[in-house]
Amino acid sequence: MSLPIRNVAIIAHVDHGKTTLVDALLKQSGIFREGEDVPDCVMDSNDLERERGITILSKNTAVHYQDTLINIVDTPGHADFGGEVERVLGMVDGCILIVDANEGPMPQTRFVLKKALEKGLRPIVVVNKIDRGQADPHLAVDKVLDLFIDLGADDDQCDFPYLFASGLGGFAKENLDDEDKDMQPLFEAILGHVPPPIGDPNKPLQLQVTTLDYSDYLGRIVIGRIHNGTIKAGQQAILLQDSDQVVKGKITKLMGFEGLARVELEEATAGMIVAVAGFADANIGETIACPDEPQALPLIKVDEPTLQMT
Ligand code: GDP
């Protein structure tokens, strides 16, 4: 049941095309199989769906490429959400930095990139909207490199992989001269440059609460990454609270992500990003652990209100 996984955050200045690009990845998810060509109808169905305006960037999205599950998490670009950006980046092992080819890096590009670099992530740079005639995509890459240097990126981070893309056109490519095809180069870059999650499925459970959600039916829902151990639907667990309180409870529902939807899971292991119901008192940064060997993860500091709008 455990597929290879990649956990990646998507970071950008507002309007540089996060939603559109993730939408393109979603639409092309699952269609790439070894040795199989992309069917022509993909672009047609893209156009259809685009007309219907299906472009919502969920905070957590999952796509499949070949046999790998890629969890994509959205990151707010605004400095008001600094604490949330740090928490979200704590769930992932890599990130995609989208930069508009025309505008180049903007203030929010700088802000989110700084956080990603501080976390030690090595971003994949996507120079986007290259379908626009006036774009100078190479100049945008140069500006991005200047920004990396300015922000004190190390040599490895400065040697970032980059792609030219049009989220709207549904393609990414390594060289401007390459044919506009599909998103395969970006999927390949994610597999090749984002390390698989580390974490030991046999260690005691540690799941860090990164985002909170609510459903009328399930109550408070906790979203976070399983750093270690294995979690099963229905199991007893405990919540290690910031206030040193220990709350006993049960995992009433365990869910993973599939496209924009959530799917119920029986079990999930270290490295997975999951949604869990059963802990009505959970707060951001706290740890859900197994009752036998509870160990809290280091708290990620929260320096802003936990409810956000993006
Ligand atoms: P977000 O704020 O980063 O999520 O940006 P959106 O994906 O909502 O895109 C912002 C605007 O840019 C929208 O009007 C999109 O249609 C447009 N856009 C996004 N990607 C592309 C692209 O690749 N090419 C062009 N020409 N426009 C794009």
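This is a predicted model: local features need pLDDT of at least 70, side-chain atom pairs count only at pLDDT 80 or more; totals for chains, interfaces and linings use all residues.
Let me begin with a term we will need: a polar contact is a pair of N or O atoms within 3.5 Å, and within protein one atom must be able to donate a hydrogen and the other to accept it, while residues adjacent in sequence count only if both atoms are side-chain atoms. With that in hand, a polar side-chain atom of Thr 20 lies 2.5 Å from an oxygen atom of the ligand.

Residues are numbered from 1 along each chain as its sequence is written, and side-chain values use heavy atoms, with hydrogens and water left out.

Let us stay with the ligand. Which residues come nearest to it? Of the 14 residues around the ligand, they are Asp 15, Lys 18, Thr 19, Thr 20 and Asp 131, where a residue counts as near if one of its heavy atoms lies within 4 Å. An oxygen atom of the ligand is 2.4 Å from an N or O atom in the side chain of Thr 19, and an oxygen atom of the ligand is 2.8 Å from a polar backbone atom of Asp 15.

The UniProt record, an unreviewed entry, has a "binding site" annotation that covers Asp 15, His 16, Gly 17, Lys 18, Thr 19, Thr 20, Asn 128, Lys 129, Ile 130 and Asp 131. Please treat that with some care, as UniProt annotations may be inferred rather than shown by experiment; the positions are given in the numbering used here, and feature names are shortened.

Now to where some of these residues sit. Helices (H or I, at least four residues) and strands (E, at least two) are DSSP runs, numbered from the N terminus. Asp 15 lies in the loop between strand E1 (5-12) and helix H1 (18-28), while Asp 131 lies in the loop between strand E5 (124-128) and helix H5 (137-150), and Lys 129 is also in the loop between E5 and H5.

Asp 15 counts as exposed because its relative accessible area is 64%, Asp 131 is partly exposed because its value is 42%, and Lys 129 is buried because its value is 18%.

The backbone deserves a word as well. Most residues other than glycine have a negative phi. Asp 15, although not a glycine, has a positive phi of about 75°, and Lys 129, again not a glycine, has a positive phi of about 65°.

Turning to helix H1, we find that it is mostly covered, with 9 of its 11 residues buried; among them are Lys 18, Leu 21, Val 22 and Asp 23. Just after H1, Gly 30 takes a positive phi of about 85°.

Asp 74 is buried, because its relative accessible area is 12%.

On a 1 Å grid over the protein atoms alone, a cavity is a set of points where a 1.4 Å probe fits but cannot get out, and lining residues have an atom within 4 Å of a point. Grid points are joined across faces, edges and corners, and a volume is the space filled by probe spheres set on the points. How many cavities of 30 Å³ or more does this rule give? The count comes to 1, and the largest cavity has a volume of about 60 Å³. Its lining includes Lys 59, Asn 60, Asp 74, Glu 84 and Thr 211, and strand E3 (68-74) and helix H3 (82-89) each supply at least two residues of that lining. By class, the lining has 4 nonpolar, 3 polar and 3 charged residues, where Ala, Val, Leu, Ile, Met, Phe, Trp, Tyr, Cys and Pro count as nonpolar, Asp, Glu, Lys and Arg as charged, and the others, Gly among them, as polar.

Finally, a pair of residues from another part of the chain. Thr 230 lies in strand E10 (residues 230-232), and Thr 230 and Thr 269 are 39 residues apart in sequence and 4.2 Å apart in space, C-alpha to C-alpha.

Key. Buried means under 20% relative accessible area, exposed over 50%, partly exposed in between (1.4 Å probe, protein chains only). On a 1 Å grid over the protein atoms alone, a cavity is a set of points where a 1.4 Å probe fits but cannot get out, and a pocket is an open set with protein on both sides within 12 Å along at least five of seven lines; lining residues have an atom within 4 Å of a point.
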